[in-house]
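Please keep the sequence and the model in view while reading.

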Amino acid sequence: PEQNEELKSENYTILRKVEVLQQENFVLRRELEATEDCNKSLVYDLKMEISGLQDSLSKQSKQQQVYVWDNSQLESELKEQNQRLSKQLVEAGKKETQLRREMKSLRDKFYRERGNLDEHFNYIESLKGEISLTLDKKSELEKHI
């Protein structure tokens, strides 16, 4: 009887742990989805910004072919603008690289967490086996009594 109560208590504790792990898994999946959605949005925005910058550079290049370059002031201003746009393009590339690293890091974290969850489930399965064996032994002992 006391052993039976202990087993019931252990079983209840294990079930609570499983519920907590399932809740943590659910939260982690939601966080991962939210992060991936955010990253996708940021990557899309960066691609659009890069495309806009490339279009701007392309348009500027066409304008340069049309203008006569004898005005040194105009040439100086356009060079400065090109430098700014190039820096912006480099920064956008760096941002994209950083976001890709963060996305990889989040994926790695997700896979680690999933591995931990699998370990917990395996442990739970082994505990279920032990409980089953204990219940079988209990049954046998009760038959002998």
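L117 touches L21 and N25, residues up to four places away in sequence being left out of the count; contact here means heavy atoms within 4.5 Å. The model is a predicted one, in which local features need pLDDT of at least 70 and side-chain atom pairs count only at pLDDT 80 or more, whereas totals for chains, interfaces and linings use all residues. Residues are numbered from 1 along each chain as its sequence is written, and side-chain values use heavy atoms, with hydrogens and water left out.

Both L117 and L21 belong to the largest nonpolar core, which has seven residues and also includes I14, V18, I124, L127 and I131. A nonpolar core is a set of buried Ala, Val, Leu, Ile, Met, Phe, Trp, Tyr and Cys residues joined through side-chain atoms within 4.5 Å. Buried denotes under 20% relative accessible area, exposed over 50%, and partly exposed the range in between (1.4 Å probe, protein chains only). Two elements, α1 (2–66) and α2 (72–144), each give two or more residues to this core. The greatest contribution is that of α2, with four residues. Helices are DSSP runs (H or I, at least four residues), numbered from the N terminus. Apart from this core lies another, of five residues, among them V43, L46, I50 and A92.

The charged side chains come next. Side chains of opposite charge can pair when their charged atoms come close. A salt bridge is counted when a side-chain nitrogen of Lys or Arg is within 4 Å of a carboxyl oxygen of Asp or Glu, and by this rule there are seven.

One of them joins the side chains of E33 and R30, at 2.8 Å from N to O. Both residues lie in helix α1, three residues apart, about one turn of the helix. E33 is partly exposed, at 38% relative accessible area, and R30 is likewise partly exposed, at 40%.

E91 counts as partly exposed, with a relative accessibility of 44%.

R100 and E96 also lie in helix α2, four residues apart, about one turn of the helix. Their salt bridge has its closest N and O atoms 2.7 Å apart. R100 is partly exposed, at 42% relative accessible area, whereas E96 is buried, at 15%.
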